[in-house]
Amino acid sequence: MPLATRPETPEKSSSRLLGDFLRSRRESLDPVRLGLPRMRHRRTPGLRREEVAQLADVGVTWYTWLEQGREIKASAKTLIAIAAALQCNEAETEHLFRLAGQTHPTTRAAKACAKISAHTRIMLDSLNPLPAVVQNQRFDIMGHNQAWARLMNVDVETLPEAQRNCMWLAFNHAGWRSAVADWHEVMPQMVAMFRAQMGEHLGDPHWEDFLAQLLASSDEFRDTWQRYELRSIENRVKYFSHPQTGRLALRQNNWWSAPRNGDRLMVYIPDDEASAAALEIITSAN
């Protein structure tokens with residue numbers, strides 16, 4: 001007789017997980033420490049739902065539905081108020097927003113304004129004369145070394161911060177574009193990689209606004225975007241053109257600062273002796 005097997009438990013939805021998280025935080029709080037009146041016959045540990053609703057300035061019924069895991073939407077302002085009512089720390093607030101299918105506004109702004117660390121700056125400089133650049137998921141240029149700037153024929157530091165992005169430069173900067181010898185092959189690949197990355201940030205205003213700017217700035221980008229091609233990032237040989245040396249072949253090597261959503265370091269290695277000699281001329285020029 002075959003052994004009885006335990007039926008599989010379906011994974012909880014994000015709404016149910018959000019409800020579980022809210023309840024666990026609520027039950028962990030001491031009402032006295034929060035300045036609430038002590039009740040002799042409090043039947044539940046921690047705060048009551050109506051107390052959380054009062055502290056967060058939301059309706060009791062609505063909050064109850066949220067904690068029950070019903071499919072309802074909460075604004076970022078409301079989530080911040082609930083996080084404050086439940087005394088959530090930074091990590092817990094981030095977790096609450098993720099379960100609610102949103103990105104905390106402070107986190108979004110911090111990512112948009114993020115800069116490389118001093119240690120990464122030292123690493124980039126030490127890689128000279130090999131061209132190297134650090135980008136985030138959105139292709140923003142977080143940092144680069146002198147060799148990369150000379151290879152790409154662009155002075156990033158003189159650009160407005162909003163334009164320090166490889167996708168933007170590819171379609172809107174003549175110097176950057178002229179440095180890519182295999183443009184008609186690379187360009188659709190870049191757009192396909194950007195679309196794949198965009199899929200993880202749907203609804204993020206920071207990404208949506210940037211996409212709108214790209215679509216408005218370039219007919220070529222808009223036509224390529226409409227192909228709906230997706231492509232992952234990979235190491236490959238890329239071909240460049242420089243006014244001093246002509247064509248050179250460099251192998252792009254990618255490393256990430258974190259397994260998921262980390263910044264990407266790209267280092268370019270000459271693929272043949274002629275390219276190595278050309279790169280030496282480019283990077284040693286005064």
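The model is predicted, with local features needing pLDDT of at least 70 and side-chain atom pairs counting only at pLDDT 80 or more. Residues are numbered from 1 along each chain, and side-chain values use heavy atoms, leaving out hydrogens and water.

Helix α5 covers residues 90-99, and its buried residues are T93, E94, L96, F97 and L99; buried means under 20% relative accessible area with a 1.4 Å probe. G101 follows α5 and has a positive phi, near 75 degrees.

Helices α11 (residues 183-198) and α12 (residues 205-217) have axes that come within 12 Å and cross at roughly 155 degrees. The two helices are therefore roughly antiparallel, a term for angles over 145 degrees. F194, Q197 and M198 of α11 make the contact with W207, E208, F210, L211 and L214 of α12, where contact means heavy atoms within 4.5 Å.

The open sheet has five strands in the order β2-β1-β5-β4-β3, with antiparallel pairing; two strands pair if DSSP finds at least two bridges between them. Its edge strands, β2 (141-144) and β3 (236-242), each pair on one side only. The twist from one strand to the next averages 30 degrees. Within the sheet, seven bridges join β4 (residues 246-256) to β5 (residues 264-270), and R251 stands opposite I269 in β5. Helix α14 (residues 273-284) packs on the sheet and touches β3, β4 and β5. The direction of α14 makes about 90 degrees with that of β4.

Definitions and conventions:
Helix = DSSP H or I, 4+ residues; strand = E, 2+ residues; numbered from the N terminus. Axes fitted to C-alpha atoms, helices over the stretch in contact; angles between N-to-C directions. Buried < 20%, exposed > 50% of the residue type's maximum accessible area, 1.4 Å probe, protein only. Parallel < 35°, antiparallel > 145°, perpendicular 65-115°, else oblique.
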